[in-house]
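Hi there,

Here is the structure I promised to pass along. My notes on it follow below.

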Amino acid sequence: MSAVLLVEDLSVSFGGVRVVDGVSFQVPVGGTVGVVGESGSGKSVTALAILRLLSGAEVTGRAYFEGADLARLPEATMRALRGARLAMVFQDPMTSLNPGLRIGEQIGEPLRVHSGATKAQALREAERLLGEVGVPEPSERVHAYPHELSGGLRQRAVIAMALACGPNLLLADEPTTALDVTVQAQVMEVLVRLQRERQMGLLLISHDLGLVAERCETVVVMYAGQVVEQGRARDVLRSPRHPYTRGLLSSLPPLSGARARLTEIPGVVPDPREPLAGCRFAARCALAQPRCRAAKVEWTGTGPDSGVRCHFPLEGAR
Amino acid sequence: MNLRAKVGGAVLVVLLVGSATSALWTRVGGVPDCVFGLDPLFPYETVCSQTLGGLWRSLALGLLGGAGACALALVLALVSRAGGGVVDAFVEKGAELFFSIPDVLVLISLAFVARAVQGGESVSLPWMAASLVAIGWAAPTRMVQNRLRSLDRLDFVTAARALGATEWRVLTRHLLPFAWDYVFAIFLLRVPAIILTESTISYLGFGLPLSEPSLGKYIGDHWRLLTGEDWLDVAPAWLLLVLVVVSFHWVGNGLLERAKKVSP
């Protein structure tokens, strides 16, 4: 299957401090890839780097969108891609909507920018899009300001905004984190339905392993700016090979079986300003050995889109 | 807005209206007569007409100078933002360099230039206003630059860029609408600074002509009265100068606090 997005060895540094280090993955046409990891693991920065929206950052590596190397595109071409064929949904719908503009104006903005739609045309289309993402009474909601909508409706509005021009790839950065569980499910249903209808690639950034397990074909696990494990979601989540992935899964409460204390991952993500000789997870890893702290750990591929970054990868089931 | 800002605003309205209409009710022989009587140095004028005329000129210079400085600051901040990189750093460092130049010395130098160009021993009101703009742009430029930079980091601005908005669209629809209240507060805080600077210059004799004094010029011409029995004749000018400066500060700070509070 051809890739709508191919990321190769992407690294991002701010003032010499590397926060994303050699990230590689691909999103197939119409496919869903989940990127998981704790806060500060570099998930959102990776997405913003792909869109070239990080000011003051030094970005190396390659990101190919439909075969085009995004780093080499002139800014005007890149701007023409953003929102039209390559869109992003931001984490917090309250802060990613302009509080001073009506919802209809904001959803219509990409249409006005890319399609040259008039104000009236953009507003009509915004109303249709709001209906499409399941917002009740869209004709009234287009005239509302963000603060007049609930969290769920705001997130749907943000999704409608990103989908306005029918992108081929959607980068969704924690699209349901700010929502309660029932609304999360509704919003994800909307995204998946639209993805199916439009054959749109979806990069789902989340720290919710349950959501990723349910919706994604491939999962990319990030830790401290690096991809530590990658593979088919089913395989990675059933038989994690990196102790960090296993730690993430162990910290999820089981819905059935005997009651047991949840296992937490001790410690915190290392400070990117302090260089580490060995594995970045070693200080928190219960299975760490002297070699883990001393020797740099390389990526070991186990398939075309799978691999693990660990000196002593786990074998067998969870 | 807080109470002090409201009081300051009310005082400013009274002072503006009072000084603008002063000519109607402070003429010699007019009704009512000035309670302070005739000006000891200029007996054809009352203390009231001189002081209120001075207040009007001080206010006009403060408002013109403040508006000009803030307009220039806005233009420079926009140019630096549009230019980015080197242009941005040039404007920033240029403004910082300007802080190290003493305002009063620049104004005195410009007064000498005015005397050479226009003749006479004083400076015209338009020249003084232009000089005040020339020395007043640096601080507002840095403040507007910083405001636009902090707005630029907001999520909805990044989201607009992620949807393909041009920089012009980002500026006009997502940044400037949230910067105007801040710019207006900066303007209100700039006015008293300019009034005080102009008063100092005029006090030293490098400002407006004797026939059209500002508050500073009036105080400078009448400073000897402070040690004599006519000291009350110069007290209104001092009082008005303090009152107008404090009032602008109260309103400006109130608006600045409000702008920060309602900022997205």
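A salt bridge here is a side-chain nitrogen of Lys or Arg within 4 Å of a carboxyl oxygen of Asp or Glu. By that rule, three of them cross the interface of chain A and chain B. One links B:Arg173 to A:Glu109, with the closest N and O atoms 3.1 Å apart.

Before the rest, some housekeeping. This is a predicted model, in which local features need pLDDT of at least 70 and side-chain atom pairs count only at pLDDT 80 or more, while totals for chains, interfaces and linings use all residues. Residues are numbered from 1 along each chain as its sequence is written, chains are lettered from A and ligands numbered from 1 in the order in which they are written, and side-chain values use heavy atoms, with hydrogens and water left out.

Back to the interface: 24 residues of chain A are in contact (heavy atoms within 4.5 Å) with 16 residues of chain B. The two chains bury about 1700 Å² between them (accessible area lost on being put together, 1.4 Å probe, summed over both), 62% of it on carbon and sulfur atoms. A:Glu109 turns up again here: with A:Arg79 and A:Asn98 it supplies 30% of the area that chain A buries against chain B, more than any other three residues.

Best wishes
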